Amino acid sequence: QVQLVESGGGLVQAGGSLRLSCAVSGRIFSINTMGWYRQAPGKQRELVAVITSGGSINYGESVRGRLTISRDNAKNTVYLQMNSLKPEDTAVYYCNALVVSAVRVLPYDYWGQGTQVTVSS
C-alpha cells in the first residue's frame, strides 16, 4: 500500500509564507512525477506545480514566481515553498505522485488527503 501524507498547511496573513511537505511511503519501486494541486470552494482542482524525477518543473500560471516546488528523492518527499501569499491562494492543497510500487507495477496516480491553506487579507 502507498500513502501520501501532507503537512504544513494553516492560516497565514497576506504576504506571508508557508511550506508544505508531502512524504510518500510504502512498498515503492520508483516515483516519477510529484506535484501539488489545489481546489478552492466552488472551483475545479487546478495545477500548482509538478516536478519530474529528473528535476523538470512546471508551474501553474497563477503561482509562477511566488511558489517553488522541490523534492528530496532520498526521502520520497516533495515540498512547496509558498511566498507572497494572497487571499486567492486559499484552497485545499493536494499532493500527487505517480508511483511504481509492489502493489501496482504500472505507474499509478496517488493522492494525499489534502491540507487546508487559508490566507487572510
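A disulfide is taken here as a pair of cysteine sulfur atoms within 2.5 Å. In this predicted model, that rule gives a count of 1 disulfide. The bond joins Cys22 to Cys95, with an S to S distance of 2.1 Å. It links distant parts of the chain. Cys22 lies in strand β3, Cys95 lies in strand β9, and 73 residues separate the pair. The torsion about the S-S bond is about -85°, so this disulfide is left-handed. Cys22 is buried, with a relative accessible area of 0%. Cys95 is also buried, at 0% relative accessibility.

The largest nonpolar core has 31 residues. Val24, Trp36, Leu80, Met82 and Tyr93 have the most contacts inside it. At least two core residues come from each of β1 (2-7), β3 (18-26), β4 (28-39), β5 (46-51), β7 (67-72), β8 (77-82), β9 (91-101) and β11 (115-120). Strand β9 gives the most, with 5 residues.

Two residues show the contacts in more detail. Leaving aside residues up to four places away in sequence, Met82 touches Gly16, Ser17, Leu18, Leu20, Arg66, Leu67, Tyr93 and Val117. Ile69 sits in strand β7. Ile69 counts as buried because its relative accessibility is 3%, and the cut-off for buried is under 20%.

How values were computed:
Residues numbered from 1 in each chain as written. Predicted model: local features only at pLDDT ≥ 70, side-chain atom pairs only at ≥ 80, totals over all residues. Heavy atoms only, no water. Core = buried A, V, L, I, M, F, W, Y, C linked by side-chain atoms within 4.5 Å. Buried < 20%, exposed > 50% of the residue type's maximum accessible area, 1.4 Å probe, protein only. Helix = DSSP H or I, 4+ residues; strand = E, 2+ residues; numbered from the N terminus. Contact = heavy atoms within 4.5 Å.
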